Amino acid sequence: MFPDRLIVPEELGVEESTAGTTAVTFRVRLPWYRALPMDGLHLSGIAFDGRPVGPGQLDVEIDGAWMPYEKVAGLRDAWWFVLDPLRVRIRDLQQVAEGEHEVTATVGARVPYIVLGTKALVITETLTRALPRSTRSAA
Amino acid sequence: MSRQLPKLGVTAYSFTPQYHGLELSFEDVVRRIGDLGIGPGLEIVGFQSIKGFPVIPDGFARQFRGLVDEYGLEPSCLAVNADLGLLPDRLLSPQEMADYLAPQVRAAAELGFPTVRLQKPASPEAVELLLPVAEKAQVKMGFEIHAPDSVHSDWVMALRELYARLDSPYLGFIPDFGSSTRRVSPSVWEEYRRRGVPQEALDTLNARWNEIHGSDQRPSESELMGEFSELANSLGLGSFAHPLAMFCAGIHGHQDPQDWAEIGPQIIHVHSKFFAFDKDGDEPAIPLGDLLKVLVDVGYTGYLSSEWEGWHWDPSPDAAEMVRRHHELSRGILASL
């Protein structure tokens, strides 16, 4: 649903660590019309400038704090509201140059009221979008 | 004395493209409905319009009731969700489902909605457990019958038996007119032709839908989805295969409009589904005249909640204008009955 909105068209956030690695942040939209359980969040096929990014390199921002993506499945009673973009962070990148960078993401969620057999439907959408690097950087 | 007719209304779900697109807030949607006079019935989806639902945030109920009063709107139905697959590893039990739905029913009462929309995954067992909550809250519970289901689907028949046994005025059904279409909306084919899908492939899907429609076959939802998915994939439609299969199998149903009469006394709300209009202002996929005649003949006087869902394939039209045209069409038909 609404695949063109999947990656919010705005500046790519950049975080440079003292250890010499760089992280980038961007926001994604829920590709559905109502709030869905956060533990059903599905991120896959993430790529930065065409290079695949593993799930272990991803964090998501839940209630203002970063959480490793791989721990989100263990959340209970947390919801992704339909109007709230979700901030995603890709860690452990090499230097990120000025200019535009291509982000690819498949974002999905479990739709708990559509049950096929014994499993709830998981919907996904995929988008690639070029985002300009922010001129501000945060350590 | 003129007979009483159904009342017009709208579901805020019709505004999904503009709401999801952050062009209209929930308050904007209600104000737009009020300004354009496309009520008076107002339906909302709890998990869409209210952050934190079924908990109602401080001040929300007062603000909502104020908006409703300001425009003379009438809360018609709160669409709640039967999230059977809420947990990642197993399905909810009937007792868990009843416990999950109870606060949603109470939220309806808090906001002034007389009715909630339930969905198929809430089993008869769960609803029986939930009934005392609805009776205490004085909120009616209506199961939505949505394409490809019909009044004869197994789960609907099970509910009809339950309703006969319990005989409660708080139990009913909500027909969705998408269950009774006469063809796949031509707007689907137009949109996918525009996106470059070969006409021959669209014709093949359309022919199969028409073949099922003209026969006595009434495959289940999973059978229909399986068949149309396989067909669309075999036509090499790539990423268009899934949405096209879903539109053929899951949004355009085959039930005879007259069949709604079988559950006439139990109809407590209606989703007056529509997709698009032809050049004469008619809705080519929905036999609205036949459907409204059935409802009037069974004495239905509740709300017709206009539900525009053509946005699934073409989100560009203005939702309010689409609903306004649908009200115009509905009003004309009702006046002629």
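# Close-up views of a predicted two-chain model

**View 1. Two strands of chain A sit side by side.** Strand 4 (residues 42-48) of chain A and strand 5 of chain A are antiparallel partners, joined over two bridges. Look for A:Phe48, which stands opposite A:Arg51 in strand 5 of chain A. Keep in mind as you look around that this is a predicted model.

**View 2. Strands of chain A line up in an open sheet.** In what order do the four strands of this sheet come? The order is 5-4-10-11 (chain A), and the pairing is antiparallel. The edge strands are strand 5 (51-52) and strand 11 of chain A, each of which pairs on one side only. As a reminder for this view, strands of a sheet pair through backbone hydrogen bonds, either parallel or antiparallel.

**View 3. A hairpin is formed by strand 10 and strand 11 of chain A.** To pick out one pair, find A:Thr106, whose bridge partner in strand 11 of chain A is A:Thr126. The hairpin has two residues between the strands, and here A:Gly117 takes a positive phi near 70°.

**View 4. Chain A meets chain B.** At this meeting place, 20 residues of chain A are in contact with 20 residues of chain B. On the side of chain A that touches chain B, the elements giving two or more residues are strand 10 (100-116) and strand 11 (119-132) of chain A. Which of them gives the most? Strand 10 of chain A does, with five residues. Sorted by class, this side of chain A has 13 nonpolar, two polar and five charged residues.

**View 5. Helix 10 of chain B packs against helix 11 of chain B.** Two packed helices are described by the angle between their axes and the distance between the axes. For helix 10 (residues 221-234) and helix 11 (residues 241-251) of chain B, the angle is about 140° and the axes are 8 Å apart. That angle makes helix 10 of chain B oblique to helix 11 of chain B. Their crossing is right-handed. Residues of helix 10 of chain B in the contact include B:Leu224, B:Met225 and B:Phe228, while B:Leu244, B:Ala245 and B:Cys248 are among those of helix 11 of chain B. By class, the contact of these two helices has nine nonpolar, four polar and one charged residues.

**View 6. Helix 12 of chain B packs against helix 13 of chain B.** Helix 12 (residues 288-297) and helix 13 (residues 319-336) of chain B pack at an angle of about 55°, and their axes are 10 Å apart. These two helices of chain B are therefore oblique to each other. Helix 12 of chain B passes helix 13 of chain B in a right-handed crossing. On the helix 12 side of chain B you will find B:Leu288, B:Gly289 and B:Leu292, and across from them B:Leu329, B:Ser330, B:Ile333 and B:Leu334 of helix 13 of chain B. The residues of this contact divide into five nonpolar, two polar and no charged.

**View 7. B:Ala261 lies in a loop of chain B.** Its loop runs between helix 11 and strand 7 (270-274) of chain B. Why does B:Ala261 count as partly exposed? There are 16 other C-beta atoms within 10 Å, and partly exposed lies between the cut-offs of 20 or more for buried and 12 or fewer for exposed. B:Ala261 touches B:Val294, B:Asp297 and B:Val298, leaving aside residues up to four places away in sequence. B:Ala261 and B:Val151 are 110 residues apart in sequence, yet 9.5 Å apart in space, C-alpha to C-alpha.

Technical notes. Residues are numbered from 1 along each chain as its sequence is written. Chains are lettered from A and ligands numbered from 1 in the order in which they are written. This is a predicted model: local features need pLDDT of at least 70, side-chain atom pairs count only at pLDDT 80 or more; totals for chains, interfaces and linings use all residues. Axes are lines fitted to C-alpha atoms, for helices over the stretch in contact, and angles run from 0 to 180 degrees between N-to-C directions. Angles under 35 degrees count as roughly parallel, over 145 as roughly antiparallel, 65 to 115 as roughly perpendicular and the rest as oblique. A crossing is left-handed if the near helix is turned anticlockwise from the far one by less than a right angle, and right-handed if clockwise. Two residues are in contact if their C-beta atoms, placed from the backbone, lie within 7 Å. Ala, Val, Leu, Ile, Met, Phe, Trp, Tyr, Cys and Pro count as nonpolar, Asp, Glu, Lys and Arg as charged, and the others, Gly among them, as polar. Two strands pair if DSSP finds at least two bridges between them.
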